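Thanks for coming, everyone. I'll take a few minutes on one chain. Please have a look at it first.

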Amino acid sequence: MTMMHPGLPQEWILVSACFMAFVCIYAVFTPLPTVGKTSPARRLSSWPLLAPLAHWVTRRWLLTLLRIVLVAVFLLVIVAGLFGTPIAERNMATTVTWTLWWSGVVLSVLFFGSAWCAVCPWDTLAGWLVKSRFWGKGAEPLRLNIRVPIPLRNIVPAILLFIGL
């Protein structure tokens with residue numbers, strides 16, 4: 001007999017789905033702010049105490065090392081999810097993904113903005129596959145030479161696929 005993870009009540013799922021649909025519709029129909037009315041960005045590298053740390057963290061070898069570590073953890077989680085125990089509470093993939101990974105992504109975006117994108121394992125793996133190299137620029141990137149249709153060149157398909165995921 002297999003233990004099943006109870007998950008969320010059906011009412012919570014319905015409320016969450018309605019809320020996400022409302023946010024998506026609001027985002028699609030809300031006009032973007034004009035260029036002159038945006039607030040200026042605050043760079044951490046301009047703060048006196050954080051400037052040395054910000055310059056040290058942006059070193060190329062450190063970013064490559066972080067990418068390698070995160071890709072290794074990412075692949076380990078995928079393998080554990082595919083071949084690990086079916087008991088959700090004992091599977092490393094479930095625990096790491098839903099407790100550490102998602103909370104880490106949310107907190108890193110909250111405190112560091114798009115810095116997470118610099119070490120994201122999804123983008124790192126895609127970049128390595130396209131460039132056929134771990135660092136630097138490859139000779140000629142791999143391409144399928146397929147043009148994306150104009151209606152799909154916006155954020156809506158990405159939002160819908162993310163909600164579906």
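Let's start with a helix pair. Helix 3 and helix 6, which covers residues 121-131, pack at an angle of about 105 degrees. Their axes are 9 Å apart. That makes helix 3 roughly perpendicular to helix 6, because angles of 65 to 115 degrees fall in that class. Who makes the contact? From helix 3 come Arg67, Ile68, Leu70, Val71, Phe74 and Leu75. From helix 6 come Pro121, Trp122, Thr124, Leu125 and Trp128.

Before going on, a caution. This is a predicted model. Please keep that in mind throughout.

Now stay with Pro121, which lies in helix 6. Is Pro121 buried or exposed? Its relative accessibility is 0%, so Pro121 counts as buried; the cut-off for buried is under 20%. Which residues does Pro121 touch, if we skip those up to four places away in sequence? They are Leu70, Val71, Phe74, Trp101 and Trp116. Take Leu70 from that list. Pro121 and Leu70 are 51 residues apart in sequence. In space, C-alpha to C-alpha, they are 5.9 Å apart.

Next, the other partner of helix 3. Helix 3 spans residues 60-83, and helix 4 spans residues 92-112. This pair packs at about 135 degrees, with axes 7 Å apart. Helix 3 and helix 4 are therefore oblique to each other. On the helix 3 side, the contact uses Leu70, Val73, Phe74, Leu76, Val77, Ala80 and Gly81. On the helix 4 side, it uses Met92, Ala93, Val96, Thr97 and Trp101. Leu70 and Phe74 are listed here, and Leu70 and Phe74 are also listed in the contact with helix 6.

Val96 sits in helix 4. With 14% relative accessibility, Val96 counts as buried. Leaving aside neighbours within four places in sequence, Val96 is in contact with Val77 and Trp101. What about Phe74? Val96 and Phe74 are 22 residues apart in sequence, and their C-alpha atoms are 9.6 Å apart.

Helix 1, residues 10-29, supplies the largest share, five residues. Phe22 is in helix 1. Phe22 has a relative accessible area of 55%, so Phe22 is exposed; the cut-off for exposed is over 50%.

Ala21 also has its place in helix 1. At 36% relative accessibility, Ala21 counts as partly exposed. Ala21 and Ile163 are 142 residues apart in sequence. Yet the two are 9.1 Å apart in space, C-alpha to C-alpha.

Last, the whole chain. How many helices and strands does it have? Seven helices and zero strands. The pattern along the sequence reads α-α-α-α-α-α-α. The chain has 165 residues, and buried residues make up 15% of them. Accessible surface comes to about 14300 Å². Carbon and sulfur atoms account for 73% of that surface. Now take contacts between residues at least 6 apart in sequence. Of these, 49% join residues at least 24 apart.

To recap: helix 3 packs against helix 6 at about 105 degrees and against helix 4 at about 135 degrees. Pro121 is buried, and so is Val96. Phe22 is exposed. Over to you for discussion.

Key
Residues are numbered from 1 along each chain as its sequence is written. This is a predicted model: local features need pLDDT of at least 70, side-chain atom pairs count only at pLDDT 80 or more; totals for chains, interfaces and linings use all residues. Side-chain values use heavy atoms; hydrogens and water are left out. Helices (H or I, at least four residues) and strands (E, at least two) are DSSP runs, numbered from the N terminus. Buried means under 20% relative accessible area, exposed over 50%, partly exposed in between (1.4 Å probe, protein chains only). Axes are lines fitted to C-alpha atoms, for helices over the stretch in contact, and angles run from 0 to 180 degrees between N-to-C directions. Angles under 35 degrees count as roughly parallel, over 145 as roughly antiparallel, 65 to 115 as roughly perpendicular and the rest as oblique. Contact means heavy atoms within 4.5 Å. Accessible areas come from the Shrake-Rupley method with a 1.4 Å probe; for residues, only the protein chains shown count as cover.
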